[in-house]
Amino acid sequence: MTKLHLVRRTGNTLLRRIICYLAAIAISMGIGAILLLSLGINPLDYYSDMLTVGLIGNKYAYKSVEGFLKVFVPLLMVSMALALSFKMRFWNIGGEGEFLIGAMCAAAIAYRCDGMPGPVVLILMCLAAMISSGLVGLAVAFLKCRFNTNETLVTLMMNYIVLYAVKYIGETKAPWNFFLREDSERPLFAKFPDNAIMPGIMIGRFNLLYSVVISVILTVIIYIYLKYTKQGYEIAVVGDSINTARYAGMKVNGIILRTMFISAALIGLAGAFSASASATVSPSMTNNAGWTGIVVAWLSKLSIPGILVAAFLISLLQYGCLAASLSYPEIDQNFADLMQGMILFAVLMSDFLVTFKIVRRKETES
Amino acid sequence: MADEPYAIELRGICKTFGSIKANRNINLTLKKGEILALLGENGSGKTTLMNMLSGIYTPDAGSVFINGAKVTISSPEDSAKLGIGMVHQHFKLVENFSCADNIWIGARDKGFLLKKDRYKIIEDMASEFGFEIDPRKLVSMMSVSEKQTLEILKVLYYGASVIILDEPTAVLTVQETRKLFDVLRRMKESGHSVIIITHKLNEVMEISDRVAVLRKGEYIDTVVTSETTEKKLTELMVGRKIELNINRPAPNKTKPLLEIRNLTVLNDEGSVAVDDLRFYIRGGEILGVAGIAGSGQKELCEAIAGLRHVERGKIIHKGRNIAGLPPKTIFEAGIAFSFIPEDRLGMGLAPNMSIVDNVILKKYKYGTSPFVDRKSGRVEAEDIVKRYEVVTTSVDAPVRQMSGGNVQKVLLGREINASPNVLITAYPVRGLDINSSYLVYDTLNAQKAKGVGVLFVGEDLDVMMELCDKIMVMCHGRLMGVVRAVNTNKEELGLMMTGALDLVNAKEDKPAGIAVDSALTLEEWEREIEAEDKEVDKND
């Protein structure tokens, strides 16, 4: 008689991990290919468009790169910020809300500081976004430290409060509402004045936004912060064992408050960057970065280099699906979302095979 | 096989976890109506083997025979159906259920409704086996030994004919252990078979019929208890000859280093855990702290280390009151604290971090640089690994991956490297095997020789009587007396631990726990305490 059971794998799993992920992607793309064939589309053409993000044979390739960066930068920043709090075992799933708060506060500065010099406005926007979002993070952490509330529920509900508040502002024509266009009958968020739009370095026709440069620098800083600084060490100890942290004389509540402020402020900054780069705000501007960021942070096991890679690949997938669907009238954004969902699901499932192996049980006859 | 088949027979059992062979080709037999002791060092695979019998793990290879018939145990349910019951080290009970309901929830065939007669049924059954237990009592109100009784009753109720006990005596007093052994003997008479895992050789000699010895995952031998000695068993277990005496060098005492007066501390639930306690430690002596588990030992240690609020009283260290100071200041004053909790990893170590990161835990903040100094931490970690023979793949490996004994060595090594003048160590040999335990005792004696005052909170009275110079006994957080280890015996300590014997005022000229050459004179102390009382009254 044989029986199957699971055994935890040990030893180096990096190679296995990569192989499993690739296999998962291949399987989900195979299923996608069947769907594409049923729609009468050649899957090979579609996938080659998707994987090259519409770069090859495109006169406006630089536009594609800019578009890709608009997806990648917010996701990278949100994932890193979430990793900061996750490392402390503080389940901040309020990325969506914190992102929108940052974006709205930046927008308020943008609308109200028309006429001021560009750099001043931009710096004010970033500060407003970081402080407002950081304070929200601080409030959640305070509730946790003082009343031991469940941060998962608090941050989750906060997402909806913020989302509906933004929708309210976006749909209410009123004299106080300076967020909306004055010249339009329908309620529409106004475009930012020119001094509030993120400038960049022109490389040929490609515009490398300063926000992209800053986010890359921030990645390095956060990596060093978590790995080498005393504060990063404190985060790791608190996350591993609160009792041990107390025993080591750490001020645990202070560390939780500080880290949540930083985490939320970074997400707020991502919101400000995103608003400034697209010159307006909208309730859907997060592009689900607050949710996808959770997946990215976990897929990369909370390591910053891992987040860089995972965020890059997932943005490529998101943007590639979108770019490819543009060239086929039969296909819309929904198919892109479906593909993305299948691939992510398969990758997360394959994680199981990375961690465990299935073995057959032998029984000796006697 | 002419005579009766074995209750349990294991043949060629193997179990591997990743690259670790936890069990290799184990053969074991359990006769009907016998008590078999399972003996082995830490990591020798005893618990793994028993977990396979109780269905928590499935063996990779090998077969299990019960009453001569081959069986497959692939879940705890299978195991229960075959009449095997296990009492785990950590009780698996619902705290806010009564005794009877805890038994009832597992009995699936009893129907959907709770019937009133369940109390009666369980009471009858308890008295049949000679248990003293109130079926209506809530588990949360029970003492450790009552909970254990309930666990045993539970497996008996489910019809177990083979009962496995994993280190049952670790949490019991001498008197409670004796009661447990009476129960085991009665079970044996009624035809049950018992497997008992324990580290304590004297208990093995007392209770078992046969002893099976495992070493490093391999089966060594099964011997008849009456034909062996503690020394022979140790040799089987360790694989070489070993000296079984703990040294107790003559203390080279100094003035009191740490004096504790009228100390009152609350536990997490807000009730009094340490009640008006007083004692002192001199440099160069080891003071044992004995008491039933949960008598305020943890709260006492935490209060001294500054991790728990001091309600009332004083902790005078070298003439300075340290009560209420932050843990960091207390650590820097030379009071080191190593506490091994039940799960061994809960306090003092970050399990998922490396040895290096754990070694720097208490001094990562030194210096003004914003960066952590891992370089000197690495040197220190390597030194600890070498000096205390820590078995690990590297100093960068997570502490969690090491066995319990090695984890404890790292913790103790870190505390001792801080060159403390007072070393508080709670349960340093908890779950350690003989070899590692002796290394810890030697280390503590070396500290004592250096003039360090050692507070040793322990659970094994035999060890405490051999290692400590004096033993302080606590019962429900109260001082029951301080006795010289050479002048006492286990019965006296046991009576004090249960509160039946109070030796605080046994000597007319000197109440226990107050040093004659205290850093403060009696008048000064009284004035201090009075002043504090007034302050408390004012605040109220």
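This is a predicted model: local features need pLDDT of at least 70, side-chain atom pairs count only at pLDDT 80 or more; totals for chains, interfaces and linings use all residues.
**Exercise 1. Work out how helix 3 and helix 12 of chain A are oriented to each other.**

Step 1: Get the geometry. Helix 3 (residues 61-87) and helix 12 (residues 304-326) of chain A pack at about 140 degrees, and their axes are 8 Å apart.

Step 2: Apply the cut-offs. An angle of about 140 degrees falls among "the rest", so helix 3 and helix 12 of chain A are oblique to each other.

Step 3: Helix 3 and helix 12 of chain A cross in a right-handed way.

Step 4: Look at who meets whom. Helix 3 of chain A brings residues including A:Phe68, A:Phe72 and A:Leu76, while helix 12 of chain A brings, among others, A:Leu308, A:Phe312 and A:Tyr319.

**Exercise 2. Decide whether B:Leu412 is buried or exposed, and find its partners.**

Step 1: Locate the residue. B:Leu412 sits in helix 13 (residues 404-417) of chain B.

Step 2: Count neighbours. B:Leu412 has 25 C-beta neighbours inside 10 Å, so this leucine counts as buried.

Step 3: List contacts. Setting aside neighbours within four places in sequence, B:Leu412 is in contact with B:Ser338, B:Thr425, B:Pro428, B:Val440 and B:Thr443.

Step 4: Compare sequence and space. B:Phe337 is 75 residues from B:Leu412 in sequence, yet their C-alpha atoms are 8.7 Å apart.

**Exercise 3. Find the residues with the most contacts inside the largest nonpolar core.**

Step 1: That core has 195 residues, and the ones to pick are A:Ala103, A:Ala106, A:Met125, B:Ile424 and B:Phe456.

Step 2: Another core, of 60 residues, lies apart from the largest one and includes B:Ala7, B:Leu30, B:Ala100 and B:Ile133.

Step 3: Zoom in on A:Met125, which touches A:Ala106, A:Ile109, A:Ala110, A:Ala196, A:Ala272 and A:Ser276, leaving out residues up to four places away in sequence.

**Exercise 4. Look up the predictor's confidence in chain B and in the complex.**

Step 1: Chain B has a mean pLDDT of 84, with 91% of its residues at 70 or more.

Step 2: The complex gets an ipTM of 0.82 and a pTM of 0.77.

Definitions and conventions:
Residues are numbered from 1 along each chain as its sequence is written. Chains are lettered from A and ligands numbered from 1 in the order in which they are written. A nonpolar core is a set of buried Ala, Val, Leu, Ile, Met, Phe, Trp, Tyr and Cys residues joined through C-beta atoms within 7 Å. A residue is buried if 20 or more other C-beta atoms lie within 10 Å of its own, exposed if 12 or fewer, and partly exposed in between; C-beta atoms are placed from the backbone. Two residues are in contact if their C-beta atoms, placed from the backbone, lie within 7 Å. pLDDT is the predictor's confidence in each residue, from 0 to 100. Helices (H or I, at least four residues) and strands (E, at least two) are DSSP runs, numbered from the N terminus. Axes are lines fitted to C-alpha atoms, for helices over the stretch in contact, and angles run from 0 to 180 degrees between N-to-C directions. Angles under 35 degrees count as roughly parallel, over 145 as roughly antiparallel, 65 to 115 as roughly perpendicular and the rest as oblique. A crossing is left-handed if the near helix is turned anticlockwise from the far one by less than a right angle, and right-handed if clockwise.
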